[in-house]
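I opened this entry to keep a record of what I looked up in the model, going from the overall layout to single residues.

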Amino acid sequence: MLLMQISAGQGPVECCLAVSKTLKKIEQLCQAHGLDSTIIETTPGPKTNTLSSVLLGFESKKALELVKSWEGTIQWVFTSPYRSNHRRKNWFVSVCLEELNNENHKSSCVKNIRFQSCYASGPGGQHVNKTRSAVIAVHEPTGVRVKIDTYRSQHQNKRLAIMLIEKKLSTLSEIKNKQTQFRRRMHHYQLERGNPVQTFNE
């Protein structure tokens with residue numbers, strides 16, 4: 001599976017609007033080329049029809065060739081519909097691609113994941129999954145949680161949930177390492193002078 005993360009980062013509400021606009025463009029592109037895209041996760045923005053981030057999934061191997069040119073920073077130019085006197089017209093979102101290997105996938109964190117079956121939610125009308133094949137997966141040591149209703153098969157939803165939890169744990173580990181490095185740098189720059197806990201004279 002190919003994952004595409006579209007994110008406003010720490011940008012203002014206009015960047016969240018740009019995420020929604022980017023999502024629409026991607027969906028139109030896939031539709032034009034006969035490729036299916038699935039919204040796996042969304043984080044709503046502060047205004048209606050805005051998104052702070054969205055995670056898309058693509059099953060087709062052709063998707064990578066189609067969307068790889070979108071990876072990186074996407075710039076949108078438009079007047080803010082929320083702040084009429086705001087001079088800024090350039091808004092940026094990031095697009096990140098990641099391939100997940102879902103063939104014979106084995107996870108070292110499976111034993112720490114608690115699964116709960118549930119019904120799918122959200123729009124879809126007659127296409128909404130009406131069986132309890134959706135899953136909520138919680139990595140108990142960290143509290144990392146995902147809800148997956150992408151497939152009608154609970155087995156497939158569990159497999160995707162495991163992969164997404166691994167991805168989130170990897171991201172958390174990266175953030176923790178960066179924070180540790182930052183604290184070490186700050187400790188270096190904030191070295192206290194004149195109050196040593198030990199003194200050595202040679």
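**Layout.** I began with the order of elements in the protein chain, which from the N terminus on reads β-α-β-β-α-β-β-β-β-β-α; helices (H or I, at least four residues) and strands (E, at least two) are taken as DSSP runs and numbered from the N terminus. The totals are three helices and eight strands. I note that this is a predicted model, in which local features need pLDDT of at least 70 and side-chain atom pairs count only at pLDDT 80 or more, whereas totals for chains, interfaces and linings use all residues. Residues are numbered from 1 along each chain as its sequence is written, and side-chain values use heavy atoms, with hydrogens and water left out.

I looked up how much of the protein chain is buried and found 35% of its 202 residues, where buried means under 20% relative accessible area, exposed over 50%, and partly exposed in between (1.4 Å probe, protein chains only). Of the contacts in the protein chain with a separation of 6 or more, 60% are between residues 24 or more positions apart, a contact being heavy atoms within 4.5 Å.

**Helix α1.** I then followed α1, which covers residues 13-32, has 20 residues and spans 29 Å from its first C-alpha to its last, close to the 28 Å expected at 1.5 Å a residue; the expected span is 1.5 Å times one less than the number of residues. Its buried residues include Val13, Glu14, Cys15, Cys16, Leu17, Ile26 and Cys30. The buried residues of α1 pack against β1 (2-7), β2 (38-44), β3 (51-58), α2 (62-67), β4 and β5. Just after α1, I noted a positive phi of about 70° at Gly34.

**Salt bridges.** My search of the whole structure gave two salt bridges, counted where a side-chain nitrogen of Lys or Arg is within 4 Å of a carboxyl oxygen of Asp or Glu. In one, the side chains of Glu14 and Arg83 meet at 2.8 Å, N to O, and this pair links helix α1 with the loop between β4 and β5, 69 residues apart. Glu14 counts as buried because its relative accessibility is 0%, while Arg83, at 36%, counts as partly exposed. In the other, Glu140 pairs with Arg114, with the closest N and O atoms 2.9 Å apart. Glu140 lies in the loop between β7 (134-139) and β8 (144-148) and Arg114 in strand β6 (residues 113-118), so this pair ties together parts 26 residues apart in sequence. Here Glu140 counts as exposed at 51% relative accessibility, and Arg114 as partly exposed at 40%.

**Aromatic rings.** Which residues form the one aromatic pair that the search of the whole structure finds? I found Phe78 and Trp91, 6.1 Å centre to centre with 35° between the planes, which makes the pair tilted; rings of Phe, Tyr and Trp (its six-membered ring) pair if their centres lie within 6.5 Å, and planes under 30 degrees apart count as stacked, over 60 as edge-to-face and the rest as tilted. Phe78 is in the loop between β4 (72-77) and β5 (90-99), and Trp91 is in strand β5, 13 residues apart. Both Phe78 and Trp91 are buried. I also noted the charged end of Lys21 over the ring of Phe78, 5.4 Å from its centre, and that of Lys158 over the ring of Phe115, 5.2 Å from its centre; a charge sits over a ring if NZ of Lys or CZ of Arg is within 6 Å of the ring centre and within 35 degrees of the ring normal.

**Loop residues.** Gln10, in the loop between β1 and α1, is exposed at 83% relative accessibility, and its C-alpha is 8.7 Å from that of Ser52, 42 residues away along the chain. Asn49, in the loop between β2 and β3, has a positive phi near 65° although it is a residue other than glycine, and it is exposed, with a relative accessible area of 66%. Ser37, in the loop between α1 and β2, is partly exposed at 25%. Leaving aside neighbours within four places in sequence, Ser37 is in contact with Glu27, Cys30, Gly57 and Phe58; the C-alpha atoms of Ser37 and Phe58 are separated by 5.1 Å.
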